[in-house]
Amino acid sequence: MKTWTLKERRRTLTEDDRHELQKLHERISASAWRATYHVQPVTGLMNDPNGFSWFGGKWHLFYQWFPFGAVHGLKHWYHVESDDLVSWENKGLFMKPDLLYDNCGCYSGSAYTEDGTTYFAYTGNNKDVFNQRHPYQVLSWIDENGKAEKLDHPLIPHPDGYTEHVRDPKLFRHEGKYYILLGAQDQEEHGKFLLYSSDELKQGWKMEGELKVRGYDHFGFMVECPDLEKIGDDWVLLFSPQGLEQEGEHFANKYNNVYFVGKMDFDNLEFIPNGPFAELDRGFDFYAAQCAAQDRYDDAGVLCAWMGCGDYSYPATDEEDWSGLQTLPRELSIKDGKLLQKPARSLEKIRGRKLFEAKDGSIVSDTMHGLMPRTAVIRLDDPESESIQLNLFAHSRWNGLAISYDKFRRRLTVDRGDFINQCNEEYGTSRTIALENGLSSLEIYVDRSSAEIFVNDGEYVLTMRIFPTAQENLIRMGGKNIDLVIYEALPVTEDTFVI
Ligand code: FRU
């Protein structure tokens, strides 16, 4: 693996880099692990989704991007666009570090649209000559060329009592005021939320104080990527805390992405949960989720996340000089006080031909003959009558991705430990969920190097990266009486070179 010098990691994209990146793109686009219906980095490394929003008649997503390789170097924002949350078009660089305030990276942030202008609040990651970090919360907006125009001074001075870890502004408007919610670390190294407000977007920001969550003093040692989303009469507080202790089958990843459903009391700076403290995703690779600022759906939120996590590595694609994927966009809704997450409704469009069908346990049609397609949508219904076992990308000697349900103990287990290519095994190779109400359906989206498993139409989701080799190409299915359909997944997102 290449080792990166500080100088190489601090490189900013310029026009002169076009040729080099084009060559890099040509090379990585031939990889067997490039996605066909997910947002992936044009080159280099992608992490958090930023500025996810609907404006100008399209969906827009920006991602944290280091253009030159699979390393967390200087972060730029790359822009992709979609009509339907299904096929995405590469639009090129949106914002790069070119201010003193963001000299060491344009870190994560969010979008807010008003009167035809979309604004982005983001963290300018400044480092001084002693390599000391100074975070600034910065505002930019889209100029007439579709590029970022930045305010030349920060919106908010650094708050006293907090370390240099204050970042990831969520900008929103509520009852006539603008708000910014930040993730922060206090001097005791506890993860906190800070809330700011203003009557104007470009000035007048003042600190309201810490946003408390009733019943909790703090979350780990740092809170990253906080988000507040209103769905109907409920609020959802989503965030990515670092340093949570694993509790049984919960919080097993290095860093976990969590949420509360509840009420938001702006006057007393308090979030009042009316449900449990829960992980957004029960798989292996899911972090920094962000809800879209949108008015397309008034009955649902739309969420996207990074299929990865800080300090993880993915040797299979790191060696090819690229890293990261975005999850499929998910729709969030609340039913009986519980958060449901479903694949965005328009994702129906990626279902192509039926490759296999079993009804009540008997095969109705089969064009696969035991061979696992590299991309697919698998739908399994009403398996209550028997326990099930699915092995995707198996080999005569290995199990591949093993998905099993034990009907009697009501436990669903997903195990990715039996592949040739492994990643981040120190955080465990299997995940188990106790399904209080049993299993009624599974919907699995496979896209060459990823799998997203939606359980019981959105009650739980498990997201993961997998890197099957060409010889891991079998599918095995077990379980009586199940209804199972496997569709080909249409390659709706083109891997084009645009910078
Ligand atoms: C989360 C994060 C954010 C930060 C960004 C930098 O993955 O660490 O807190 O803004 O990534 O790329």
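Q: What makes the pair Asp102 and Lys150 a salt bridge?
A: Asp102 forms a salt bridge with Lys150, with the closest N and O atoms 2.6 Å apart, and the term requires a side-chain nitrogen of Lys or Arg within 4 Å of a carboxyl oxygen of Asp or Glu. The pair links distant parts of the chain, since Asp102 lies in the loop between S4 and S5 and Lys150 in strand S8, 48 residues apart. This is a predicted model, in which local features need pLDDT of at least 70 and side-chain atom pairs count only at pLDDT 80 or more, while totals for chains, interfaces and linings use all residues. Residues are numbered from 1 along each chain as its sequence is written, and side-chain values use heavy atoms, with hydrogens and water left out.

Q: Why is Lys96 called partly exposed, and which residues does Lys96 touch?
A: Lys96 has a relative accessible area of 25%, which is why Lys96 is called partly exposed. Lys96 is placed in the loop between strand S4 (88–95) and S5, and, not counting residues up to four places away in sequence, Lys96 touches Thr12, Leu13, Thr14, His76, Asp102, Cys106 and Lys150, where contact means heavy atoms within 4.5 Å. Lys96 and Cys106 are 10 residues apart in sequence and 6.4 Å apart in space, C-alpha to C-alpha.

Q: How do you know that strands S5 and S8 are the edge strands of their sheet?
A: Four strands form an open sheet in the order S5-S6-S7-S8 with antiparallel pairing, and strand S5 (106–114) and strand S8 (148–150) are its edges, as each pairs on one side only. Strands (E, at least two residues) and helices (H or I, at least four) are DSSP runs, numbered from the N terminus. Two strands pair if DSSP finds at least two bridges between them; three bridges join strand S7 (residues 133–142) to S8, so the two count as paired. Trp141 stands opposite Glu149 in S8.

Q: What makes Asp321 and Arg27 a salt bridge?
A: The closest N and O atoms of Asp321 and Arg27 are 2.7 Å apart, so the pair forms a salt bridge. Asp321 is in the loop between helix H3 (315–318) and strand S21 (322–323), Arg27 is in helix H2 (residues 18–28), and the two are 294 residues apart. At 46% relative accessibility, Arg27 counts as partly exposed. A search of the whole structure finds 38 salt bridges.

Q: Why does the radius of gyration of the chain agree with a compact globule?
A: With 499 residues, a compact globule would have a radius of gyration near 23 Å, and the chain has 22 Å, which agrees; the radius is taken over C-alpha atoms, and the globule rule is 2.2 Å times the number of residues to the power 0.38.

Methods
Buried means under 20% relative accessible area, exposed over 50%, partly exposed in between (1.4 Å probe, protein chains only).
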